[in-house]
Amino acid sequence: MNRHLISAADLSKQDALLILDTAEELAQVADRPIKKLPTLRGRTVVNLFFEDSTRTRISFEAAAKRLSADVINFAVKGSSVAKGESLKDTALTLEAMGADAVVVRHSASGAPLRLSNWLRGSVINAGDGSHEHPTQALLDAFTIRRRFGRGDGEALDGLRVTIVGDVLHSRVARSNVWLLHLLGAEVALVAPPTLLPVAIDDWPCSVSYDLDAALPKSDVVMMLRIQQERMNAAYFPSVREYSRRYGLDTARVGQLPEDAIVMHPGPMNRGVEIAAEVADSPRSTIVEQVANGVSVRMAVLYLLLGGREVAQ
Amino acid sequence: MTAEGTTWVIKGARPLGGEPADIIITDAAISEIGPGATAPRGAQALDASGLIALPGLVDLHTHLREPGREDAETIETGTLAAALGGFTAVHAMANTDPVADTAGVTEQIWRLGRAAGHCDVQPVGAVTVGLAGSRLAEFGAMAESAARVRVFSDDGRCVSDAVLMRRALEYVKAFDGVIAQHAQEPRLTEGAQMNEGVASGRLGLAGWPAVAEEAVIARDCLLAAHVDSALHICHVSTAGSVEIIRWAKSKGWRVTAEVTPHHLLLTDDLVASYDPVYKVNPPLRTATDVAALRDALADGTIDCVATDHAPHPVEDKETEWAVAAHGMTGLETALRVVQEAMVDTGLLGWAQVADRMSARPAAIGRLGGQGRPLAPGEPANLVLYNPATRETVDPATHASRSRNSPFAGMTLPGQVVATFLRGRPTVLDGKPA
């Protein structure tokens, strides 16, 4: 494993499977009355969040605390960064405090990679701009693997995953395309042409504009969130039109194979990209994804911070 | 420093890469040139065997940052960097603070350049007041000032209003001026971070489409034709732009164009490091674009090389990509990059390098005493260059006050050994004279 986790594309298949297998082992901790391991006692994990994301932040926080690490939450609003401190000075401050791992969320693509040049500790990308969100892809892969009854050491060979929505601005889509492909899945992207990068030919996936044609060929359908600001920038004529053409409603779910699952990285716009009935249906893995997120992030912290054996 | 009146004999240099000859400089002019030219008594001798002699280079596009951002560059440091790069004249872009949009500011820049003495500084005037894109700056006053401004540009911003662009092109005809356009359609590049293509899609950086440049170039070529005026296109960066300029020139329209050294050598895959040293406007493009730009410079569709030397202090580059400043330094590496991209690839000979980096930019900039041939009676503006060395670029050694060279760590051929400005050495032995 590399010292940092910046991009899903940096992982080897072996690394990815090691993370998933470790997460499986660590997930059992969540079923115990005392959900805590002493593995990272005395290590410091900093959650450095330049962008609001309560969900991801508390997921990493829970993961670090279950491994007994000391957790420092560094949110930008009201901090020195808001007063004009540079990313580099923030990095040097964290370095001086002895951070063993820095979990960073930033609105600028590439900020975690820049940060990794200035820190000795591990940098974990918790979402950077429109670039990547590798732990989200890992928890998605973990969720798919479990739902399809595959166990330790097994990959996702033969599974067909369709990712639907704002691929252009989605860090979740970028990480998932590379990771799911690495794990043997066949990935298909479906979006209006305005929400796809103009040059996407070298991505390891297929691309189409027609959701209805894609659904019968999907074992997994992953709906991406439509951001409010896209609605006012001519990416599509109206929210209703988007929802009609690319929203997952009950009629469309009927076109899916019987055992297909529905995923969403959250937070959802119910009634826009996904109907409430679909989000709450048994096919939906949305709540599981949240729980699995903690296990996968525990595995990442554990492996990057050099833990050797999972404590019993 | 003053060497006026000193006679120099430059022995064994190869003018334009040709057969070795001696060059005699008397006062500010070349007095004799040829094999075994007779040196007058008391002449200072300079052994130039193996060195190529070129006319002093002329840059149509330099950001000297003074007044306003003296932390990035001053006229003193920027012109010294220029001399060390083999330049004897630079055009100072207007986006200073205050903007060079009046006779007063342009004259001040011109005077500071004269005082520094490392090379001629020809101020470029702004097209619109404060570069704001709403009303024309006083072209006539700038043209009639001591600075004798002939090139006008809002560089850094596009004159996107078609009516304003038309009027600017028309108005400068009265004093043989030229409008140098920074072609960038503003709506198509809102928030843009890098060339829109394979790399931007992968890196999640907002795309800067080629069409945003090409659409403005096409419009402005048509406007220049309509009013029969002179249009110069700054830093052409795409294969499509080359096609449009080639077409406009085939019509006989008065359109000229420049390309930067970095667009001749670097491609957008470098952005994968997210290191803002590669952030520049217009952005680095693809290998296909680089090949088209090289061919266009070779066949004359693109008239000249211009550095777009854009110094920035460390803190404006040592950041995340999105907030970093656009621009790269280039004066001290320009000739070396041109050798790497154009000469060593067989696309240009040294005589053509002299044309693209001296004669043509001087003609476009309406500079009388610059860009002249190496011949008796001509001003002694020349550079002696050793093409046979190869060294790693280290910005820490540069005279520019800023260190944002995208060529840092690259191995490039060549070294500027000496530069003469009207008979006076500004650089000797690769160091400031």
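What follows is a set of questions and answers about this predicted model.

Visitor: How many helices and strands does chain A have?
Guide: Let us begin with the outline of chain A, whose C-alpha trace spans about 55 × 45 × 35 Å along its principal axes. Of its 312 residues, 50% count as buried. As for the elements asked about, chain A has 11 helices and 9 strands.

Visitor: What is the radius of gyration of chain A, and what would a compact globule with 312 residues have?
Guide: A compact globule with 312 residues would have a radius of gyration near 20 Å. The value for chain A agrees with that: 19 Å.

Visitor: How many helices and strands are there in chain B?
Guide: Along the principal axes, the C-alpha atoms of chain B fill a box of roughly 65 × 45 × 45 Å. Buried residues make up 59% of the 433 residues in chain B. The elements in chain B are 11 helices and 19 strands.

Visitor: Which helix of chain A gives the largest share of the side that touches chain B?
Guide: In all, 20 residues of chain A are in contact with 16 residues of chain B. Helix 3 (87–96), helix 4 (111–116) and helix 6 (171–182) of chain A each supply at least two residues of that side of chain A. The largest share is 3 residues, and it comes from helix 4 of chain A.

Visitor: How do the residues on the side of chain A that touches chain B divide into nonpolar, polar and charged?
Guide: Here we stay with the 20 residues of chain A that are in contact with chain B. They divide into 8 nonpolar, 7 polar and 5 charged.

Visitor: Which helix gives the most to the side of domain 1 of chain A that touches domain 2 of chain A?
Guide: Chain A is divided into domain 1 (8–131 + 290–304) and domain 2 (134–285), and 25 Å separate their centres, taken over C-alpha atoms. The contact takes 24 residues from domain 1 of chain A and 23 residues from domain 2 of chain A. Helix 1 (13–27), strand 4 (122–128) and helix 11 (286–304) of chain A each supply at least two residues of the domain 1 side. With 8 residues, the one that gives the most is helix 1 of chain A.

Visitor: Which residues touch the most other members of the largest nonpolar core?
Guide: In soluble globular proteins, nonpolar side chains tend to be buried together. The largest nonpolar core here has 238 residues, and helix 11 of chain A contributes 8 residues, the largest share. The residues that touch the most other members are Val102(A), Leu179(A) and Leu301(A).

Visitor: Which residues is Val102(A) in contact with, leaving aside its neighbours within four places in sequence?
Guide: Val102(A) belongs to that core. Beyond its close sequence neighbours, Val102(A) is in contact with Val46(A), Leu48(A), Leu94(A), Leu115(A), Leu119(A), Gly121(A) and Val123(A).

Visitor: Which residue in strand 9 of chain A does Val221(A) stand opposite?
Guide: Val220(A) and Met222(A) point one way from strand 8 (residues 220–223) of chain A, while Val221(A) and Met223(A) point the other way, and all are buried. Strand 8 of chain A is joined by 4 bridges to strand 5 (residues 160–164) of chain A, running parallel, and Val164(A) stands opposite Met223(A) there. Another 3 bridges join strand 8 of chain A to strand 9 (residues 261–263) of chain A, also in parallel. In strand 9 of chain A, the residue opposite Val221(A) is Val262(A).

Visitor: Which residue in strand 7 of chain B does Val58(B) stand opposite?
Guide: Strand 7 (residues 87–92) of chain B is mostly covered, with 6 of its 6 residues buried. It runs parallel to strand 6 (residues 57–62) of chain B, and 4 bridges join the two. The residue opposite Val58(B) is Ala89(B).

Visitor: Is Asp10(A) buried or partly exposed?
Guide: Asp10(A) lies in the segment before helix 1 of chain A. A residue counts as buried with 20 or more other C-beta atoms within 10 Å, and as exposed with 12 or fewer. Asp10(A) has 15 within that distance, so it is partly exposed.

Definitions and conventions:
Residues are numbered from 1 along each chain as its sequence is written. Chains are lettered from A and ligands numbered from 1 in the order in which they are written. This is a predicted model: local features need pLDDT of at least 70, side-chain atom pairs count only at pLDDT 80 or more; totals for chains, interfaces and linings use all residues. The radius of gyration is taken over C-alpha atoms; the globule rule is 2.2 Å times the number of residues to the power 0.38. Two residues are in contact if their C-beta atoms, placed from the backbone, lie within 7 Å. Ala, Val, Leu, Ile, Met, Phe, Trp, Tyr, Cys and Pro count as nonpolar, Asp, Glu, Lys and Arg as charged, and the others, Gly among them, as polar. Domain bounds come from an automatic or database domain assignment. A nonpolar core is a set of buried Ala, Val, Leu, Ile, Met, Phe, Trp, Tyr and Cys residues joined through C-beta atoms within 7 Å. Two strands pair if DSSP finds at least two bridges between them.
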